[in-house]
Amino acid sequence: MTRKQTDLGIPVGESDLLESVQEKVRACMQCGTCSGSCANAFAMDLTPRHLWRLAQLGETEEIFNSKTFYLCSACYYCTLRCPRGLKLTETMGALKRLAADQGIKKHKQSSNFYDAFIKTVERYGRVREIEFINRYFFSLKDPFLPLGFTSLGLKLMRKGKISLQLPILVPIKDDKGKVKYFEGRFDKLFRKVEELEARS
Amino acid sequence: MKKKIGSTLVVGSGISGIRSALDMAEQGYQVTLIDKEPHLGGVLTQLDYQFPTDHCGMCKMLPLVERDSSSQYCLRKGLFHENIDIMLSTELVAMEGEPGKFQVTLRQKSSIVDQERCIGCGECARVCPVEAPDPFNGGLTDRKAIYLPVPHNIPNAYVVDLDACTHCGECEKICPTHAIDFGKEERKKFRILVVDDELIVRDSLKEWLLDEGFDVDMAESGTEALEKMSKEHFHLKLLDIKMPGMDGVEVLKRAKEIRPDLPVVMMTAYATVETAVEAMKIGAHDYLMKPFDPDNLIPLIVNLYHDIQSAGVKEMEVGSVILAGGFDSYDPSTGKDTYGYGLFPNVVTSLQFERMVSGTGPNQGKILRPSDGKEVKKIAWFQCVGSRDQQADADFCSSACCMFAIKEALLAKEKSEGQIDTTIFYMDMRTFGKDFQRYRDRAEKESGVHFERSRVHSVETTGKDDGTLRVAYADTTGTKHEEDFDLVVLAAGQRPPTGAEEVAETCGVVLNPWGFCQVEGFSLSRTSSEGVLVGGSFSGLRDISESVIQASSASLEASRLIHSKGGGLAEEVSPETGFRDVSREMPQVLAVLCKCGGTLSESADFDEISSWLEAQGSVTGVHAIDSLCTHEGWDELKETLQGNSANRILIASCMPYVYARKLRELGRSAELNPELMEVVDIRTLAFPGRDTEKEAVHQEVRAVLSMGIGKLKGMDPLPVATSRIVQKALVVGGGIAGMTAGLAIADHGFEVTLVEKAAELGGNARTLHRTIEGHSPQELLEESISKVEKHPLIRTHTGAKIIYSQGHVGNFSTSIEKEDGQGETLDHGVTVLATGGIEAKTESYSYGESEAILTQHDLEEKLAEGGVEPANLKTVAMIQCVDSREEPRNYCSRICCQSALKNALFFKKQNPETDIYIFYRDMMSYGFMETYYSEARKAGVIFVPYDVGQKPEVSVEDGRPRLSALDPILGREWLLEPDLLVLSTGVVPDAGREVAEQFGVEVNQDGFYQEAESKWRPVDFIKEGVFMCGLAHSPRSIAESVAMAEAAAQRALRILNSDRLASGSVVAEVRHSLCALCERCVAFCPYEARHHDEDEEMIVVNELMCQGCGSCAAVCPNSASVLRGYRDQQVFEVIDAALENVV
Amino acid sequence: MAKTAKIDVKEQNLLTALRGFFKALLEDGDMEALLVPQHLPMKNVVMPTLVTDPEKSNTADPLAPVFPMNAAKMVSRLTRRPVGGRIAVVLRPCEIKAFIELVKLKQGSMDEVILVSMDCYGTYGNVDYTRFAGDDGADASLRFYENVVSGKGTAWEDIDISPACKACEHPVSESADLQIGMLGVDTKDHLLLKAMTGAGEDLLEKLGLPEGEEPEGRKKAIEDLVSDRVAYRDKMFEETSEATSDLNKLTAYLGNCVNCYNCRVACPVCYCKECVFVTDVFDHEPSQYLKWAKRKGLIKMPTDTVFYHMTRLAHMSTACIGCGQCSNACPNDIPVMEIFRTIASYTQRAFDYEAGRSLEEEPPLSVFKESEYSEVTGGKD
Amino acid sequence: MGEYEPTIIAFVCNWCTYTAADLAGTSRLTYPPNVRMIRMMCTGMVDPKYVIKALLEGADAILISGCHPGDCHYINGNYKARRRVKLLKEILPRFGFDERRLKLTWIGASEGVDFAKTIKEMVTEIKELGPNDVREQMVL
């Protein structure tokens, strides 16, 4: 296997899981522009700078122990301002994906939330709150969890923030020829996105 | 002085261009100094205050010997030197030939204003209706389209900004001396051919152009146009692109065949712009966009007309070219501009701030908010704007901004008497230069400048629309803060100068990836094109001292080249004799009054003044001239002097500065020593609009004239003394610096003795094996040693030491003890001290207690010997700033960060699995070195900042170092057990103090040689004739040492060049019969130009060293010491004259 | 630690004891020569003499209340270049102070001299002294001393010691190598001899004199004398300031000056070979006088009188040691010393300098610091 | 004559203040016409004699002005000047010359504004003080 190299041909040391993330933030010099910029930093347990530092050091456990990356709302301020030109928002995303892929328990809730959200969008081209939240509750396999949200749900419903309106679904075959019901053909859009993401 | 055969072109007249030009001129070459701007001085014209004195001092660059060859006044004001031709608004447009014999073409833009006739009265600017942002004040103020480029420059003639000018002609009408000429008369002879298939276009163009006074002809097709061209002569062709039949591009091609020199301007609609651009490539002069609006079109054509008609083209041959184009500043409004530059008026660049504190700035030096003119109470400086920012395409550090910011913060403190709060936001404070660290510490501790290690992400308003700016940032611990500031100053980074690419192409030099001039190998001044040298910031932003050093290195190389091509041979200049001996005559003053073209007639009566003058005792003639500044006027003066018996000339006109050079010429033609001529300014006094009565003006004018006469009467100029020079050099120290300096001097044909205390030449370079850039010091070393050994003019003594030295510039005598114990006494005219430095010893961090603890130097040697196997290293730690940047060794050794980066990258390359930790305070990867810092980060080197108050701790257990340190980001301790712990201990001088004592020169508190002036005379000692270079001056890289050695050689050559050197006419002398030998003058002389000759029992003045400051005269109670030109009697006469009317 | 010895007086008179001591200096002290004031045979005047023959110091009289010149000038002549042997010089405190100033100005050297000082009770003006001394100078000196010690004071008939001496707050030299002490000493028995420097100690050693001790009362005696003099001095300052507080008064004060420059010739610290005021610098063009005259209709001749005195104050007030020779030399009795000392009190204090105090102190106008006296420029750098 | 117009003698150094004065002139910064400028190479060469002479000849005030500390073209001339002025400021007031009649300032080459301001302020101050007594003096 050929080793990865920097522009000047310096081979780069590797670390298993975090490799792709480390790659993105190696050049970080801890100037703190990202932390200063971050709108959600107040809620984070670690500042973005702290997180990158841990990534540089390969502190996988600490990183995934932190909620920081899940709190990133992808405003892209840090990416815009990073003097090193690092793709920080993307790196936050990568961490989210990693957490999901690895099925890290601590982040189950968050990753399931994301998952449920995107599945609904994929199906309807929009958020259908009822299905979204049901998918989410279901994924957590905790029958008592929905109870805690009942009053909020009813309140929202009364105000017309969520509706029970049923979608008109059309049957569409996926790649494997399996028929699924969608509100429109968003699968292509999602596939295109996947392609683009794979390219970058 | 001997004049050398050979000449040089210096492109750019900033500080480095001036230094190079003066160097070459002082050596006796003919220099042409050009600048594309209409003024001298580059960016420094805008900067009044420079670190570390926070004032100026630029004048210290002026010649110290042969002083009369150049101007002797403020260098910011202007410059002249007998060997320098200055051409402003001029660009280098072509260069051919070979090194030693280049043919260069220079193109000088017309300024519309006759620079000789303009008297700077400013009437034109008063009537000019156009306002444009004034670049001199960084756009903070407006100026007119006709303006003074720099208010304090002389000659202070106005120039026209043709881009802004509407050609209304008001200025031309009002100019009292008819200096402004838009060439309307000439336009009749300027024939324009308009080629367009559309009648309406042809007709309207013709009408407009005829209105403007041009001669116009038309053609409706390409064919017709070509036909007309072959028959008649035109000066300009306006050519439509889209035409039936032959299109414009085709016509252009053919036209170029018939009349290649005819400027053709393409006319195009939007759709064919790309074609127009193509046309430019095949020779079109420019293009104009349709549809035409006469208001826009006419000025464009008139500009073209001026461009074509009045551009002076000059061709000449030069031996070498020095590029000193400087740099441009990053424009923070380009790119992402998260700081709102250009949006928020209170966000300014550091250069604009510099203007704000200047007396010639927008508020005469008061620091007020640009938004509302309110007093500024709080300022933030943001570092690294457009530097160290890959998103701004800047993986480099601009090197100078950190010091710039500290200086500005101190200026803000000083101007506000400490009232302004100052905060500098930074990533690394790069205080890597000599004495920078102490300056920073003083700013922080004594002046209360606040330093905040944080990169601010953006600037916002407070939302109250009051101009106040809100800055949010996270500190090192991650805590967020919000703070309001009145002013945010952006340290805008360096960018290559405009036109860099064109110049590079013209001269065939290679630019680096960022567009700066690429330098070669270990040289900081050689470009990829032989004979073309680079000085100053054109190869990357430099502070003044580095620029000056590099400029001298460039001139040395330029001179060496000319010399090697046979051009440096001296030619004796006829001595400046031929002055009449008037010492036995009674003073007879001819008074010459300039009426300033009649502009002063309202406020002063010249007849009355003339008759008053005639009544003055020693005045033998009075002559009034209409305009002395014109050629006619000056010729009239010369004529008047022909056969006139007057032996003193008093010129009453304007700005005495302007006349300094002219008087020298006049002196030659009239055979009268220019010291016997005095210019007094009566124009400022008699200028209309001063709201003073005529009688009061007369009284002032009389006083000033009387003072001039008083001064002249007492003048008894003696021939300027010359001193013999031993044209040999002694170089002490045989390292790279010493050898480079020795070779540079010997290559100019002068004998050099090189004395090295070690058994072999080479010094520190012997133990250096690679540089971070990948160059090989060993190759350089071998090459240098071999050249030194083979050079017929260099004698080398290794294993030798200095015993004793005495003498003064031009005549030193030094005894050495050679390796065999034999003594030898050397006579030499100059001394270069290159005694080097060594790595500092340390006892910190358990050094010496474990084999695994090394210094960077130890590591370098071990690596070279193969004593360290990178593959076996699991963990390496490096600690920077060991015992450095804190008292008593409170300076940055500049090279340790590079060494650490170099070695870290080496380890990573050998074994990427090695964990490398660098514990640092501020990474000093200045300039393009920053790339390697980025590289090291990318390679996974872990950098841990530490605070001087909380250093890493090292202990040794079982022979293995253990290191603990706080990671401020993570807020926790690092515990490492590195296989290697490498300490960057920095550099200390080797033999500085001892050798300095022997040669009677100074060292600073750290034992490094003390330069005469850190910025302007960085390689000189105060004691003239002794120069320094290399590590003995301060820590520096090999390339920087080489540059400094070349600079020192350059300074030495200016002395060695002649067998006799002259001082200046203003020098001190001693009246021995009155002298009581109290030696107070000896102690007071700042130049050590005096000594008590005990044998002769007299105080002797070394006229070459004497700079004419007169402090000896003032300290002498009975005026046994006097300064020529300022004798007591003269000053008394002047005082008497000044008070003549006071009763 | 100063070493002390005593010069026995016992049955002799003071002068005889002193003469014995001087002789011993030449004989046992390895001195090449001795500079000491002596009564000259031809007329009864006291002048410094350079003695090489021990037998020829027999009219030495450092007690004579007169010093026709400040002998520092003589020591300067002797030491400007190597003289070729060690010389002991017997000087008054003010002469030592002047010599220290001259050494700083490279007009002399300490290398070959041993400074011997006597406590000083003051001196009369030259003319007054002649009257006081009568025919027997030596006797007069003892008489003067007797008067002082007995409390009768320094005044005799209508004459008294000069104002300079009355205002002198340094009757005892702190800078000599050897101090001969009389104040507070039982001079009937002995004179105190105190070595103030290493060289002084060495010399004492050689002389082998009996050990002495600084009497308890000496300090107080000195303090008392000094306090009287300081009181006089301060009053003098006040009066002089008042008398010269504006230009009119100053002109009147200097009204009798005829530009003879005797004051500067007599001044021990005015070291110029020739004063600038007598050089060609002030050799004005005849027409210039006319011009000046025309401006106001008249000028006083000679010109430049006030200019001269003010310039001399600027040049030398920081070096003024207050010996009063200027006043002594003035043919027209202008109180030159008073004005010099008054101004010097300001200028010396301004530079925290005391003329003649120590060789270590650089003359204020010969040195400078980068950061000082910012008040001069309104606090601005 | 109308209002009393003081005369100021200004000893300015060739390098800094002379340049500043010139800049003030060319920039048309108005300052009162009461100053007579004497260009010296350096403030360090201003002999106390010159100051005394000028005052005794009727100058109402003396300005000595040169480069800022650390900036002297001749390295340290301005420090020497400062001591001399200090000395004169001790002597002159004893004879009734108001201390304000002698001024030392540092005015750098680009500080034309400061030069004009200094002169203006000085003229105002001296006008308040009134003429130098010498003018009344018959003989000196």
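Chain A is divided into domain 1 (19–102) and domain 2 (107–199), with bounds that come from an automatic or database domain assignment. The structure is a predicted model, in which local features need pLDDT of at least 70, side-chain atom pairs count only at pLDDT 80 or more, and totals for chains, interfaces and linings use all residues. Residues are numbered from 1 along each chain as its sequence is written, while chains are lettered from A and ligands numbered from 1 in the order in which they are written.

Taken over C-alpha atoms, the centres of domain 1 of chain A and domain 2 of chain A are 27 Å apart. Four residues from domain 1 of chain A and four residues from domain 2 of chain A make the contact; two residues are in contact if their C-beta atoms, placed from the backbone, lie within 7 Å. On the domain 1 side, the touching residues are three nonpolar, no polar and one charged. Here Ala, Val, Leu, Ile, Met, Phe, Trp, Tyr, Cys and Pro count as nonpolar, Asp, Glu, Lys and Arg as charged, and the others, Gly among them, as polar.

Chain A contains ten helices and two strands. Helices (H or I, at least four residues) and strands (E, at least two) are DSSP runs, numbered from the N terminus. From the N terminus on, the order in chain A is α-α-α-α-α-α-α-α-α-β-β-α. Of its 200 residues, 32% count as buried (20 or more other C-beta atoms within 10 Å of the residue's own, with C-beta atoms placed from the backbone). Among contacts in chain A between residues at least 6 apart in sequence, 51% join residues at least 24 apart.

Next come chains B and C. The contact between them involves 17 residues of chain C and 16 residues of chain B. Helix H11 (residues 286–296) of chain C gives the largest share of the chain C side, three residues. That side divides into seven nonpolar, five polar and five charged residues.

Within chain B, helix H23 (residues 896–910) and helix H24 (residues 930–938) pack at an angle of about 40°, with their axes 10 Å apart. Axes are lines fitted to C-alpha atoms, for helices over the stretch in contact, and angles run from 0 to 180 degrees between N-to-C directions. The angle therefore makes H23(B) oblique to H24(B), a word for angles that are not under 35 degrees (roughly parallel), over 145 (roughly antiparallel) or 65 to 115 (roughly perpendicular). H23(B) contributes Leu901(B), Ala904(B) and Leu905(B) to the contact, and H24(B) contributes Tyr932(B), Tyr933(B), Glu935(B) and Ala936(B). By class, this contact has six nonpolar, no polar and one charged residues.

Notes: Buried ≥ 20, exposed ≤ 12 C-beta atoms within 10 Å, placed from the backbone.
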